[in-house]
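Here is a short tour of one protein model, written for someone who likes to follow along in a viewer. Please have the sequence and the structure open as you read.

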Amino acid sequence: MAIAIPAPRVKVLGVEAFEQPFRLRMPFRFGVITLTEGLQAIVRVRVRLDDGREGFGYAAEMLAAKWFDKNPALSDAQNQHQLRKSIEIAAEAYQAAPSCTAFDLFADNYRHQMRAARELDLPALVASYGAALLDRAVMDAICRLVGASFWTAMRSNLAGMAPHPIIADLGQFDFTTFLAGLEPVRSIEARHTVGLVDPIVADDQAAGTRVDDGLPETLDEVVAAYGQRCFKLKVSGDRQADVERLVKIASVLDTIAGPLHVTLDGNEQYEDVEAVVDLWSAMEAEPALQKLCAATLFIEQPIKRQVALARSIAPLARYRPVIIDESDGELDAFVRARSLGYAGVSSKACKGFYRSLVNLARCRLWNAEGDGSYFLSGEDLTTQAGLAVQQDLALVALLGLADVERNGHHFIDGFAGRPDAEAQAFLRAHPDLYEEHNGRVRLSIHAGRLALDSLDCKGFGSAVVPDLASTSAMPPAEWPPAAGGRRSDQSDARR
């Protein structure tokens, strides 16, 4: 039930950042890179409410290389320093801000965050990252202090969402009524990602390359183990290679009984809309892809962000809806994309949960006007077990989405280096979302679905906070980031 209290004013008293290294159980190829290892960022904020109560809030997210900024000249370490710098910019601004509502903390600092990032030549997606983490941590702290779940807090508008100059296109939109009408879903379809080097069947695995940890590795094993019916298929920009690989994928997906849902993710691998139309035309002409084409719901960000919003997407949109993902760098990106024929936008917690809610409000408003059918799609950035995946799931559940891409459980082994006691605490607090398998706590997917009831707990989607006693403090961002360091494998970018 909604809490009948006004949105509290909050003062950020302190921000701490930590990070945790991890290795992937299997390599993950997207766009032009193949990941084998990474870092997870964890932030802890201390806040004081206007009634004097003080407490902590938490958020976690991968320090992802080659997504926020895909410049091939930058190493993974340089990408990670960019994201650390974004956290530092937001932390300094939030601690300097006066007491205000959680939404005003975000909105009043938005232009400063973007401007400060531009002055350092940081892309807009990088700029959004630091504020996105801090906003989640602040909201988590508020939820814990008032004893409310994220769903209850947002439906009661305890964040204080209201019209603001940074979202002038929404005018005097009634956020309080809009938020009160949201009905969080209690379970959700998990959309499995098929990366560009993922094995489809056992014959795709060279001798001696199996992980053999008891978890599925090939696509046909994933289907058998999890019963999934929703899939996100990566395409590389090479039409012939993509069609051949999709035919192989279809040989597995065609065996699934019942409804099948597919999305295509171009990961900015195409130079223009005509190249994507050529791919789709080749797919439709291939008899072995008829069921897969019919099951395809939309195409995600196929064109490079530098040119994706420079011209109309209409030649492709006549076949399937097209959404933006990497082009969603600034708050008005979806507005600009709509004018070019895009129908949707991704929701990713790493871009900010307020952005997702603002874009959902836009969809509701535009759809009510009868001007097309606009939507959000839940996408992943290899969210890890624990706080990261739960906060993103809490968000997409609040948005009422039917499915969400989930890939962290497949490419990362459970809690991946986090303390065993922490993993067990999450299992006890969220027994519907996790299960123990071969002595490791992992995400639980049955009949292709994730159960979300336990996310309705005090806090932002998690009854447990990270154990930071043995977690390393995040080092200061090197600025400018030193040249050199490991670069993600790009040797097979067009294979």
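Which residue in β13 is the bridge partner of Tyr-434? The partner is Leu-443. Before going further, please note that this is a predicted model, in which local features need pLDDT of at least 70, side-chain atom pairs count only at pLDDT 80 or more, and totals for chains, interfaces and linings use all residues. Residues are numbered from 1 along each chain as its sequence is written, and side-chain values use heavy atoms, with hydrogens and water left out.

Strands β12 (residues 434–437) and β13 (residues 440–443) run antiparallel and are joined by 4 bridges. Strands here are DSSP runs of E with at least two residues, helices are runs of H or I with at least four, and both are numbered from the N terminus. Two strands pair if DSSP finds at least two bridges between them. The hairpin has 2 residues between the strands, and Asn-438 takes a positive phi near 50 degrees.

**Two helices side by side.** The axes of α13 (residues 353–368) and α14 come within 11 Å and cross at roughly 15 degrees. Axes are lines fitted to C-alpha atoms, for helices over the stretch in contact, and angles run from 0 to 180 degrees between N-to-C directions. The two helices are therefore roughly parallel to each other, a label for angles under 35 degrees. Phe-353, Ser-356, Leu-357 and Leu-360 of α13 meet Leu-395, Leu-398 and Leu-399 of α14; contact means heavy atoms within 4.5 Å.

Gln-384 sits in the loop between β10 (375–378) and α14 (387–399). Leaving aside neighbours within four places in sequence, Gln-384 is in contact with Phe-22, Gln-40, Met-62, Val-389, Ile-412 and Ala-416.

Most residues other than glycine have a negative phi, and most peptide bonds are trans. Ala-416, which is not a glycine, has a positive phi of about 45 degrees, and Ala-447 has a positive phi near 50 degrees. A cis peptide bond joins Trp-479 and Pro-480, with omega about -5 degrees. In the table, buried means under 20% relative accessible area, exposed over 50% and partly exposed in between (1.4 Å probe, protein chains only).

| Residue | Relative accessible area | Class |
|---|---|---|
| Gln-384 | 3% | buried |
| Ala-416 | 9% | buried |
| Glu-478 | 39% | partly exposed |
| Ala-447 | 57% | exposed |

Note on methods
Parallel < 35°, antiparallel > 145°, perpendicular 65-115°, else oblique.
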